[in-house]
Amino acid sequence: MTVSRKEDDKMNVLMINGSPNTKGCTFTALTEIGKTLQEQNINYEIMQLGKQPIRDCINCNRCHGDGCIFDDDMVNEFIQKAKDADGFVFGTPVYYAHPSGRLLSFLDRAFYSSASSRIYKPFQFKPAAAIASARRAGTTASIDVINKYFSIAMMPIVSSTYWNMVHGLTPEDVMQDKEGLQTMRNIGKNMARMLQCIACAKQHNIPQPQPDVADSTNFIH
């Protein structure tokens, strides 16, 4: 299922809801970010991973930089959308102090299969935020795991005025987490600012960095 708020003439932020619950706590947090983006004239789209099975990466090495060989879930659809997205938000519920396994399997395959010579073309130089929802604890560890995908793909990380989390067992609980919702809104504001600065750089023909990826060191020979 995809919830879309897009007009063709605006920048778009692509969000992933890594929860099996379509409109639970994680969705509530993502929507709060989306509302703020819309106030800044930026559209957003939420892709729901839902309850369908998502296979893990099996290291078959049959991908060629444009998607996964397996096409029975949302990974390849996401990669195609990612090419046109201007920024990303990945949201997860917290299970045993880590992100949902389905989200990690999804991200492993999406990033690995879209990389060519360690250049992640659908993602590089595009701002991204990781957010987590939890009843109580495990949020910072979960955010840290997701941030690793950004830092390997040359993606600016969007921060806020507190760690990117909300708390609650139900969406109604999340709506009472005033500081958490404030944190989500500030993510939206910071994301919008980054996107506007990147757009300004493009207008003034300021080139993107050219990564040096010629060397790959293996420590065991």
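Let's begin with a helix pair: the axes of helix α1 (residues 25–39) and helix α6 (residues 178–203) come within 8 Å of each other and cross at roughly 45 degrees. This is a predicted model, in which local features need pLDDT of at least 70, side-chain atom pairs count only at pLDDT 80 or more, and totals for chains, interfaces and linings use all residues. Residues are numbered from 1 along each chain as its sequence is written, and side-chain values use heavy atoms, leaving out hydrogens and water.

Helices (H or I, at least four residues) are DSSP runs numbered from the N terminus. Their axes are lines fitted to C-alpha atoms over the stretch in contact, with angles running from 0 to 180 degrees between N-to-C directions.

| Pair | Angle | Axes |
|---|---|---|
| α1 (residues 25–39) and α6 (residues 178–203) | roughly 45 degrees | within 8 Å |
| α2 (residues 75–84) and α3 (residues 101–113) | about 55 degrees | 10 Å apart |

The angle makes α2 oblique to α3. The crossing of α2 and α3 is right-handed, meaning the near helix is turned clockwise from the far one by less than a right angle.

Who touches whom? In the α2–α3 contact (heavy atoms within 4.5 Å), Val75, Phe78 and Ile79 of α2 meet Phe106, Arg109, Ala110 and Ser113 of α3.

From α1, Ala29, Glu32, Ile33, Thr36 and Leu37 take part, facing residues of α6 including Leu181, Met184 and Arg185.

Definitions and conventions:
Helix = DSSP H or I, 4+ residues; strand = E, 2+ residues; numbered from the N terminus. Parallel < 35°, antiparallel > 145°, perpendicular 65-115°, else oblique.
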